Each structure stands twice: as C-alpha cells, then as structure tokens.
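Please look at the sequence and the model shown here before reading on.

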Amino acid sequence: MKNLSDLSFDEIQKMYAYAINLAAAYVKDAEKHYKADEKERGDDFTAADQEWTEYARILDLELQNRIKSAVNIQTPQPQPFI
C-alpha cells in the first residue's frame, strides 16, 4: 500500500471521487434499511458512510495542501521597499 506522498495528484483525485461516490451510495442504502425498519443494518451502512467520508476528507486535505504548495512555489514573494 502506498502513502499519500507516493501518489500523483490525479491518483488522489480519482480516489477522492471514488470515496465520495461510495459514501453517497452507503447513505442511500442506509436510508432504505431505516425505512424498512432494519435499524441494525442501517447503522452498519451509516458507519460505512462515515468511514468513507472521513477517508474522502483526508484525501481532500492532501489535495488542498498540494495546491497550496504549488501556488506558494509559483508565486513570487514581494520584496520589501527600502
């Protein structure tokens, strides 16, 4: 298994999109089970949603940090007036 630092920006974006889509699917499944009075099964899907949402949050933070780093590298720092 790779660390986030070993992955490309595109790979992280794809993983992020996958995690968001999977979390959304778990929410839909949880709603179906809650409506069918299957609380325990609904709770399982809610827990899975929370896990994938947290994973997506971590990936999003990594993407934001990479963007900030790239902007800082490319943006010249203003020189003080003397």
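**A helix and its buried face**

In H1, the buried residues are Ile-12, Ala-19, Leu-22, Ala-23, Ala-30 and His-33, where buried means under 20% relative accessible area, exposed over 50% and partly exposed in between, computed with a 1.4 Å probe on protein chains only. The model is a predicted one, in which local features need pLDDT of at least 70 and side-chain atom pairs count only at pLDDT 80 or more, while totals for chains, interfaces and linings use all residues. Residues are numbered from 1 along each chain as its sequence is written, and side-chain values use heavy atoms, with hydrogens and water left out.

The protein chain has two helices and zero strands, taken as DSSP runs (H or I, at least four residues, for helices; E, at least two, for strands) and numbered from the N terminus. The radius of gyration of the protein chain, taken over C-alpha atoms, is 19 Å, well over the 12 Å that the globule rule gives for 82 residues, so the chain is more spread out than a compact globule; the rule is 2.2 Å times the number of residues to the power 0.38. Along its principal axes, the C-alpha trace spans about 70 × 30 × 15 Å, and 18% of the 82 residues count as buried. Helix H1 (residues 9-35) has 27 residues and should span 39 Å at 1.5 Å a residue, which agrees with the 39 Å between its end C-alpha atoms; the expected span is 1.5 Å times one less than the number of residues.

Contacts and ring pairs give a view of how parts of the chain meet. Among contacts (heavy atoms within 4.5 Å) between residues at least 6 apart in sequence, 65% join residues at least 24 apart. The structure holds three aromatic pairs, a pair being rings of Phe, Tyr and Trp (its six-membered ring) with centres within 6.5 Å, and planes under 30 degrees apart count as stacked, over 60 as edge-to-face and the rest as tilted. The rings of Tyr-18 and Trp-52 have centres 5.8 Å apart and planes at 80 degrees, so this pair is edge-to-face. The pair links distant parts of the chain, with Tyr-18 in helix H1 and Trp-52 in helix H2, 34 residues apart. Tyr-18 counts as exposed at 52% relative accessibility, whereas Trp-52 is partly exposed at 23%.

Tyr-26 and Phe-45 form a tilted pair, 5.8 Å centre to centre with 45 degrees between the planes. Because Tyr-26 lies in helix H1 and Phe-45 in helix H2, the pair ties together parts that are 19 residues apart in sequence. Tyr-26 is partly exposed, with a relative accessible area of 22%, and Phe-45 counts as buried at 12%.

Which residues does Asp-49 contact, leaving aside its neighbours within four places in sequence? They are Ala-23, Tyr-26 and Val-27. Asp-49 is found in helix H2 (residues 39-74), and it is buried yet has no salt bridge, the nearest side chain of opposite charge, Lys-28, being 12 Å away. A salt bridge here is a side-chain nitrogen of Lys or Arg within 4 Å of a carboxyl oxygen of Asp or Glu; Lys and Arg count as positive and Asp and Glu as negative, with His and the chain ends not counted.

Asp-37 is found in the loop between H1 and H2, and it has a positive phi of about 60 degrees although it is not a glycine. Most residues other than glycine have a negative phi. Asp-37 is exposed, with a relative accessible area of 72%.
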